[in-house]
Amino acid sequence: MSQPSSNDQEIDLGQLLGKIGNFFQSILDSFFDFYLFIKKNILIITALFLLGAGIGFFLDKETKSYSNEIIVSPNFGSVDYLYSKIELLASKKRDNDTLFFSKLGFKNVKNIGTIEIEPIIDIYKFIDKKPENFEMIKLMADNGDLNKIIEDPITSKNYPNHLIKFSTKKITDEDDAILPLLTYLNDSKYFNSIKDQYVKNELNKIKSNDSIVSQIDNLINKFADASSTKTDRLFYNNENNQINDIISTKNKLISENGNIKIALINYDKIIKEVSVSTNMIAKKTARSKMKFVLPIAFVLFFVLYKLFSSFYRKQIQKRNLI
């Protein structure tokens with residue numbers, strides 16, 4: 001069997017080096033062709049770039065939007081009512097029902113964009129002073145992923161606070177959208193009746209607790225007067241232990257009244273607003289970057305058009321030669 005000669009090896013190596021050289025030469029030719037193309041069409045490319053930038057700036061200015069957020073606390077078991085009201089509002093907005101919004105008192109309906117609501121996940125407030133909630137979370141965690149359970153819609157609706165978000169095209173104020181929205185959410189005869197009765201019950205509880213505290217004070221005063229007439233020496237007997245229990249009961253009633261008074265601050269509305277943040281510039285989206293996208297798109301379209309035209313002419317010339 002014959003071995004390849006050194007001349008054959010040299011020829012093969014020469015051909016390989018030649019192909020490599022041709023490859024790099026084709027790259028250099030392509031770069032030079034691109035340079036000539038840019039040089040020939042520099043005015044058109046510059047004009048297209050400036051045109052795209054100008055249109056992009058205009059579109060970015062027009063698409064600028066603001067984000068508005070309201071943290072609310074639904075009272076008296078009204079969380080499902082809250083979500084249904086927001087969903088109705090969002091549905092009417094999608095249908096562009098301006099008459100519906102105008103009847104609710106919104107001043108500039110066209111200014112309002114998307115409307116949505118989501119729970120504020122706070123597992124600590126969910127289980128705070130509520131052993132039954134803690135036991136429920138513990139039981140559910142044993143049977144599944146805790147993170148999924150915490151974010152589950154059924155669980156998340158039971159968190160105390162929820163976030164209402166809506167966008168506006170221009171700066172808004174409280175009279176334009178916030179007050180009409182909160183008035184709309186609190187317009188329910190059923191839940192307002194529950195609210196009124198609940199407040200009455202809590203006020204009666206305060207009154208009853210105050211009466212008991214007053215009776216305890218009278219009882220303690222009588223015991224103190226009786227003790228001072230007997231002896232100056234103090235004995236920790238059964239009678240003293242009963243007084244300690246009475247004082248402990250008094251402290252609990254006073255603490256309960258304080259908690260009720262704080263709760264009543266939040267119970268003046270069905271849907272109580274906790275905080276309101278308006279006119280925050282919305283995060284930039286792809287649409288808000290048109291001043292960068294359009295110039296590149298215009299120039300790229302022009303280059304592709306020229307490449308296609310050149311390809312088309314070459315194909316026509318080939319067919320004319322056949």
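Start by selecting helix α3 (residues 79–94) and helix α9 (residues 174–185): their axes come within 10 Å and cross at roughly 130°. Axes here are lines fitted to C-alpha atoms, for helices over the stretch in contact, and angles run from 0 to 180 degrees between N-to-C directions. Helices (H or I, at least four residues) and strands (E, at least two) are DSSP runs, numbered from the N terminus.

Residues are numbered from 1 along each chain as its sequence is written, and side-chain values use heavy atoms, with hydrogens and water left out.

Next, show the side chains between the two helices. From α3, pick Y81, L82, K85, I86, L88 and L89; they meet L181, Y184 and L185 of α9, where contact means heavy atoms within 4.5 Å. Eight of the residues in this contact are nonpolar, none is polar and one is charged. (Ala, Val, Leu, Ile, Met, Phe, Trp, Tyr, Cys and Pro count as nonpolar, Asp, Glu, Lys and Arg as charged, and the others, Gly among them, as polar.)

Now turn to the strands. You will find an open sheet of four, in the order β2-β3-β1-β4, with antiparallel pairing; two strands pair if DSSP finds at least two bridges between them. At the edges lie β2 (112–119) and β4 (271–281), each pairing on one side only. From one strand to the next, the twist averages 15°.

Walk across the sheet, pair by pair:

- β2 and β3 (residues 162–168) are antiparallel and joined by six bridges; select I117 to find its bridge partner I164 in β3.
- β1 and β3 share seven bridges; here Y66 is partnered by T168 of β3.
- β1 and β4 are joined by eight bridges; look for P74 opposite I271 in β4.

Finally, colour the model by pLDDT, the predictor's confidence in each residue, from 0 to 100. The protein's mean is 79, and 73% of its residues reach 70 or more. Among its elements, α3 has the highest mean pLDDT (92) and helix α6 (residues 131–142) the lowest (61). Last, select residues 232–237: pLDDT is below 50 there, and the stretch has two contacts in the model beyond near neighbours in sequence. Where pLDDT is low, the predicted coordinates should not be read in detail.

Key
This is a predicted model: local features need pLDDT of at least 70, side-chain atom pairs count only at pLDDT 80 or more; totals for chains, interfaces and linings use all residues.
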